[in-house]
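Let's take a walk through this model together.

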Amino acid sequence: FVRDMPASASSTNLYRDGLQNRSSPMTNMLLTLSGLTANSNYSVRLWFYDYSFNNNHVQYYTNLTSGGATSLGSLTNRTGNANAPTALYDSRYSMLVNLTASAAGDIIISMYNPSAASKINGFEITMGASAVPEPLVVG
């Protein structure tokens, strides 16, 4: 999807583009990162915001790496000019999690929005994260 952003958020164009899962019924959208160094630590940042999407929709994130199911937290979409992102790393609409790649060199993250289409604006991954943190809830 591509969305217009208010002028106040023009420096945050990452938030205007995204990918969404429009399956019916709603299902998890998976982000699979492969080709990573096995059993190594990574920091993964995820972005979720849609200016034209419904207000107060919560999206949940789960680490499915190596067959697990560990909650990573959630992000809540807020609409209207007053709630537009103010920076690329606006903590209301992005989360940073530290994960360990599987023995096969994969990280698998599930994104689920129980009342609407799951969405992602983007992600970044860097190697060398510290230990896995406690789950994070933003919003």
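The side chains of Asp90 and Arg92 meet in a salt bridge, with 2.7 Å from N to O. A salt bridge here is a side-chain nitrogen of Lys or Arg within 4 Å of a carboxyl oxygen of Asp or Glu. Asp90 counts as buried because its relative accessibility is 7%, while Arg92 is partly exposed at 28%. For these labels, buried means under 20% relative accessible area, exposed over 50%, and partly exposed in between, with a 1.4 Å probe and protein chains only.

## What you are looking at

This is a predicted model, in which local features need pLDDT of at least 70 and side-chain atom pairs count only at pLDDT 80 or more, whereas totals for chains, interfaces and linings use all residues. Residues are numbered from 1 along each chain as its sequence is written, and side-chain values use heavy atoms, leaving out hydrogens and water.

The protein chain has a mean pLDDT of 80, and 74% of its residues reach 70 or more; pLDDT is the predictor's confidence in each residue, from 0 to 100. Over residues 131-136 the pLDDT is below 50, and this stretch has 11 contacts in the model beyond near neighbours in sequence. A contact means heavy atoms within 4.5 Å.

## The chain as a whole

How many helices and strands does the protein chain have? There are 0 helices and 10 strands; these are DSSP runs numbered from the N terminus, with helices (H or I) of at least four residues and strands (E) of at least two. Of the 139 residues of the protein chain, 42% count as buried. Among contacts in the protein chain with a separation of 6 or more, 75% are between residues 24 or more positions apart.

The accessible surface of the protein chain comes to about 6800 Å², and carbon and sulfur atoms hold 51% of that. Such areas come from the Shrake-Rupley method with a 1.4 Å probe, and for residues only the protein chains shown count as cover.

## From β3 to β9

The salt-bridge count comes to 2. One of them joins Glu124 to Arg45, with the closest N and O atoms 3.6 Å apart. This pair links distant parts of the chain, since Glu124 is in strand β9 (residues 122-127) and Arg45 in strand β3, 79 residues apart. Glu124 is partly exposed because its relative accessible area is 29%, and Arg45 is buried at 15%.

Leaving aside residues up to four places away in sequence, Glu124 touches Ser43, Val44, Arg45, Trp47 and Tyr89. Ser43 lies in strand β3 (residues 41-47) and counts as buried because its relative accessibility is 13%.

## The nonpolar core

Which residues have the most contacts inside the largest nonpolar core? They are Leu31, Val44, Leu46, Tyr61, Leu99, Ile107 and Ile109, in a core of 21 residues. β2 (29-33), β3, β5 (70-76), β6 (94-100) and β7 (107-112) each supply at least two residues of this core. A nonpolar core is a set of buried Ala, Val, Leu, Ile, Met, Phe, Trp, Tyr and Cys residues joined through side-chain atoms within 4.5 Å.
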